[in-house]
Each structure stands twice: as C-alpha cells, then as structure tokens.
Amino acid sequence: MNNEEIRKRILARRKEQQLSQADLADRLSISQTAYYKIEKGSTHLISDHLPKIASILDLPEEELVLGYDLSRYTEILHEKDRRIAELEAIIADKNKIIELQAELLKKI
C-alpha cells in the first residue's frame, strides 16, 4: 500500500466531487490544516481518518487503498460461479441421458 497513491486518489475524488479541503476537514471534524497535512503527506493516512474519508467520498476503503473497486470483481466472480453451476447441470443431464441410453441398449 502506497500512501502517495492513496493521497492522489483522495485528491482526484475530492476534486471530482467539487469539495474543498475545508469541506472534507469539516466533515472529518478536523481542522483544514490537519486535512491539508493528510493530503500533502505530512500525516500518514493509515489512521482513523481513512474510513471516514472513504465514506465522505462515497468510495469503498479498498478502492482508495488498492486503486480499484473490489465489488466489481466480486460481481464478475458471482456471474462466473452462476455460469459454472449452469454448465455442471448440463453435464449432469448429459451423463443421465448416457446412463439411460446404456440401460436401454442392455435391454435390447
């Protein structure tokens, strides 16, 4: 985890949402100077402020820390799991058909 990258993501998201440093400081219940130090790197982000900053910026903490939203990948994995279950059901049906055909051939 790179504090510099996290700070860049916070700054970018703050600007996207047209929030000032004072706005974020107020929502964090800290001084603007204290928030400025967070954004500029004088204060480490891995503190009690990171979850609240993520919440204010409407981002998952993971996205601030990692740079991408894990929920997107979770959705993709769920879809793949669903598709695997469908394919397993198809295979099971085909295997049942093969068994029934084998039984019929034995009776002939």
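User: Which side chain does a polar contact of 2.8 Å join to that of Gln-21?

Analyst: A polar contact is a pair of N or O atoms within 3.5 Å; within protein, one must be able to donate a hydrogen and the other to accept it, and residues adjacent in sequence count only if both atoms are side-chain atoms. Here the partner of Gln-21 is Glu-39, with the two side chains joined at 2.8 Å. The side chain of Glu-39 also makes a polar contact with the side chain of Arg-14, at 2.8 Å. This is a predicted model, in which local features need pLDDT of at least 70 and side-chain atom pairs count only at pLDDT 80 or more, while totals for chains, interfaces and linings use all residues. Residues are numbered from 1 along each chain as its sequence is written, and side-chain values use heavy atoms, with hydrogens and water left out.

User: Is Glu-39 buried or exposed?

Analyst: Buried means under 20% relative accessible area, exposed over 50%, and partly exposed in between (1.4 Å probe, protein chains only). Glu-39 counts as buried because its relative accessibility is 7%. In the chain, buried residues make up 21% of the 108 residues.

User: Where is Glu-39, and which residues is Glu-39 in contact with, leaving aside neighbours within four places in sequence?

Analyst: Helices (H or I, at least four residues) and strands (E, at least two) are DSSP runs, numbered from the N terminus. Glu-39 sits in helix H3, residues 32-40. Contact means heavy atoms within 4.5 Å. With those neighbours set aside, Glu-39 is in contact with Arg-7, Ile-10, Leu-11, Arg-14 and Gln-21.

User: How many helices and strands does the chain have?

Analyst: The count is six helices and zero strands. Among them are helix H1 (3-16) and helix H2 (21-28), with Gln-18 in the loop between.

User: What is the phi of Gln-18, and is Gln-18 buried or exposed?

Analyst: Gln-18 is not a glycine, yet has a positive phi of about 55°. Gln-18 is exposed because its relative accessible area is 72%. Ser-29, in the loop between H2 and H3, also is not a glycine and has a positive phi, of about 60°. Ser-29 counts as exposed, at 63% relative accessibility.

User: What is the radius of gyration of the chain?

Analyst: The radius of gyration is taken over C-alpha atoms, and the globule rule is 2.2 Å times the number of residues to the power 0.38. The chain has 26 Å, whereas a compact globule of 108 residues would be near 13 Å. Along the principal axes, the C-alpha atoms fill a box of roughly 90 × 25 × 20 Å.
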